[in-house]
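Please load the model in your viewer and keep the selection panel at hand. The tour goes from one selection to the next and says what is there.

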Amino acid sequence: MNNLVKFSLFTVIYVIMTWFLTEEVGCAFSGDQQCLVSFVGKYVVFMILMFVYDKWIKRRIFKTK
């Protein structure tokens, strides 16, 4: 799968999860600086974790012969 498509899908998943689980998306779009920084910070951590999973962990979990 193309990396751009993969990370776009990760972004959509993150936004949907955040939208349903917290009020952070609405708060960030309303202009509150603290909510925006929190949203972006969590997004960066999520993308780093997805990168690590995609590059190293996924191969060890789903070994193919």
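Begin with Ile16, which counts as partly exposed because its relative accessibility is 42%, where buried means under 20% relative accessible area, exposed over 50% and partly exposed in between, taken with a 1.4 Å probe and protein chains only. This is a predicted model, in which local features need pLDDT of at least 70 and side-chain atom pairs count only at pLDDT 80 or more, while totals for chains, interfaces and linings use all residues. Residues are numbered from 1 along each chain as its sequence is written, and side-chain values use heavy atoms, with hydrogens and water left out.

**The nonpolar patch**

Ile16 is found in helix α1; helices here are DSSP runs of H or I with at least four residues, strands are runs of E with at least two, and both are numbered from the N terminus. Now extend the selection to Leu9, Val12, Ile13, Ile16, Met17, Trp19, Phe20, Leu21 and Phe29, which make a nonpolar surface patch of about 1000 Å². Patches are made of residues with over 30% relative accessible area and no salt bridge, like charges being joined within 9 Å and nonpolar side chains (Val, Leu, Ile, Met, Phe, Trp, Tyr) within 5 Å. Helix α1 (residues 3-21) gives the largest share of this patch, 8 residues.

**The whole chain**

Zoom out and colour by secondary structure: the protein has 3 helices and 0 strands, and from the N terminus on its elements run α-α-α. Along the principal axes, the C-alpha atoms fill a box of roughly 50 × 20 × 15 Å. The radius of gyration of the protein is 14 Å, whereas a compact globule of 65 residues would have one near 11 Å; the value is taken over C-alpha atoms, and the globule rule is 2.2 Å times the number of residues to the power 0.38. Buried residues make up 18% of the 65 residues.

Select Thr11 next, whose place is in helix α1 and which is partly exposed, with a relative accessible area of 24%. Which residues does Thr11 contact, leaving aside its neighbours within four places in sequence? They are Tyr43 and Met47, contact meaning heavy atoms within 4.5 Å. Thr11 and Met47 are 36 residues apart in sequence, and their C-alpha atoms are 7.9 Å apart in space. Among contacts in the protein between residues at least 6 apart in sequence, 45% join residues at least 24 apart.

Then show the aromatic rings, which form 6 pairs in the structure; rings of Phe, Tyr and Trp (its six-membered ring) pair if their centres lie within 6.5 Å, with planes under 30 degrees apart counted as stacked, over 60 as edge-to-face and the rest as tilted. The pair of Tyr14 and Phe46 is tilted, because the ring centres are 5.2 Å apart and the planes stand at 35°. Tyr14 lies in helix α1 and Phe46 in helix α3 (residues 33-61), so this pair ties together parts that are 32 residues apart in sequence. Both Tyr14 and Phe46 are buried. For one aromatic cluster, select Phe7, Phe10, Phe51 and Trp56 together.

**The salt bridges**

Side chains of opposite charge can pair when their charged atoms come close. The whole structure holds 3 salt bridges, each a side-chain nitrogen of Lys or Arg within 4 Å of a carboxyl oxygen of Asp or Glu.

Centre the view on Asp54, which forms a salt bridge with Lys6, the closest N and O atoms being 2.9 Å apart. This pair links distant parts of the chain, with Asp54 in helix α3 and Lys6 in helix α1, 48 residues apart. Asp54 counts as buried at 8% relative accessibility, and Lys6 is buried with a relative accessible area of 12%. Asp54 also meets Lys58 in a salt bridge (3.0 Å, N to O), and since Lys58 and Asp54 are 4 residues apart in helix α3, about one helical turn separates them. Lys58 is partly exposed, with a relative accessible area of 30%. Select Lys6, Asp54 and Lys58 together to see a network of salt bridges.

Finish at Lys42, which forms a salt bridge with Glu24, with the closest N and O atoms 3.2 Å apart. Here Lys42 in helix α3 is linked to Glu24 in helix α2 (residues 24-29), 18 residues apart. Is Lys42 buried or partly exposed? At 43% relative accessibility Lys42 counts as partly exposed, whereas Glu24 is buried, with a relative accessible area of 12%.

Technical notes:
Accessible areas come from the Shrake-Rupley method with a 1.4 Å probe; for residues, only the protein chains shown count as cover.
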